[in-house]
Amino acid sequence: MKLFTTSMMCANVFKLQEEIKVIDKYTDFYHIDVMDGHFVPNLALSFDFIKQLRSQTKKPIDAHLMMTNPGNFVDLLIEFGVDYISLHPKTIEKNVFKLINKIKSSDIKVGIVLSPSDGLDAIKYYKDHIDKITVMTVEPGFAGQGVIPEAVSKIKEVYDFREENNLKFLIEVDGSNNFSTFDKYYKNGTDIFVLGSTLFNEADLEQGYLKIKKYIETLNG
Ligand code: DX5
Ligand code: ZN
């Protein structure tokens with residue numbers, strides 16, 4: 001079964017309440033991009049946003065942390081009740097095992113996010129502890145960018161890696177999920193599609209979800 005998560009940095013802040021009603025009906029997860037202006041050249045959603053969103057939904061919340069020293073905020077995210085904490089390997093090199101233990105012992109799932117230039121070698125020694133691997137098909141930092149073809153083939157590489165090693169993590173693709181990429185993402189083994197600007201550019205959000213879901217169903221086979 002294919003799953004959908006919704007990138008809240010693409011939501012319309014002036015219509016948030018209204019949009020969340022629709023999002024909650026159709027999304028499997030909420031994807032929250034936290035950016036610090038340092039690890040990536042942009043600022044995006046905050047921990048306070050996550051805290052407030054928690055009170056609005058029972059659906060799983062995934063915090064995609066695009067920041068240096070994300071470990072400093074793991075306690076806060078545990079307190080706020082997120083379901084996934086998704087981290088970039090380069091930002092956790094110094095304390096990865098400690099962080100994974102802390103997250104897992106709080107019954108929260110560990111996500112690892114591979115930027116376009118990150119290879120699977122980065123996760124070699126902690127692969128058994130990962131619940132979800134996100135392949136970024138754009139450079140982290142901005143919505144609405146063009147897809148990087150080399151990163152698209154990495155989805156298949158991650159899929160094969162999972163099969164070869166008998167692992168169970170979910171494969172998510174973040175970046176440029178749209179009607180010219182869904183097909184490739186799907187065929188390469190994507191389990192979770194991160195819906196960003198393509199969804200929110202639709203005139204009607206509900207119709208947008210229905211259109212995307214219907215399209216993904218046609219890709220089967
Ligand atoms: C980018 C974020 C994405 C972003 C994707 O750094 O991680 O979640 O919202 O947006 P689109 O789908 O427009 O590439
Ligand atoms: Zn993201």
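Modeller: Please keep in mind that this is a predicted model. In it, helix H1 and helix H8 cross one another in a right-handed sense.

Biologist: How are the axes of H1 and H8 oriented towards each other, roughly parallel or roughly antiparallel?

Modeller: The axes of H1, residues 16-26, and H8, residues 205-218, lie 9 Å apart and form an angle of about 20°. Because angles under 35 degrees count as roughly parallel, the relation of H1 to H8 is roughly parallel.

Biologist: Which residues of H8 make the contact with H1?

Modeller: From H1, the contact draws on Glu19, Val22, Ile23, Lys25 and Tyr26. The residues of this contact comprise six nonpolar, four charged and no polar ones. On the H8 side, the contact is made by Leu205, Glu206, Tyr209, Leu210 and Lys213.

Biologist: Which residue has a polar backbone atom 2.7 Å from an oxygen atom of ligand 1?

Modeller: Ligand 1 has 20 residues around it, and among those that come nearest are Ser7, Gly141 and Ser176. Through its side chain, Asp33 places an N or O atom 2.9 Å from a ligand 1 oxygen, while for the His31 side chain the corresponding distance is 3.4 Å. The backbone atom at 2.7 Å belongs to Gly144.

Methods
Residues numbered from 1 in each chain as written. Chains lettered and ligands numbered in written order. Predicted model: local features only at pLDDT ≥ 70, side-chain atom pairs only at ≥ 80, totals over all residues. Heavy atoms only, no water. Axes fitted to C-alpha atoms, helices over the stretch in contact; angles between N-to-C directions. Helix = DSSP H or I, 4+ residues; strand = E, 2+ residues; numbered from the N terminus. Parallel < 35°, antiparallel > 145°, perpendicular 65-115°, else oblique. Left-handed = near helix turned anticlockwise from the far one by under 90°. Contact = heavy atoms within 4.5 Å. Nonpolar A, V, L, I, M, F, W, Y, C, P; charged D, E, K, R; others polar. Near = heavy atom within 4 Å. Polar contact = N/O pair within 3.5 Å; in protein donor to acceptor, adjacent residues only side chain to side chain.
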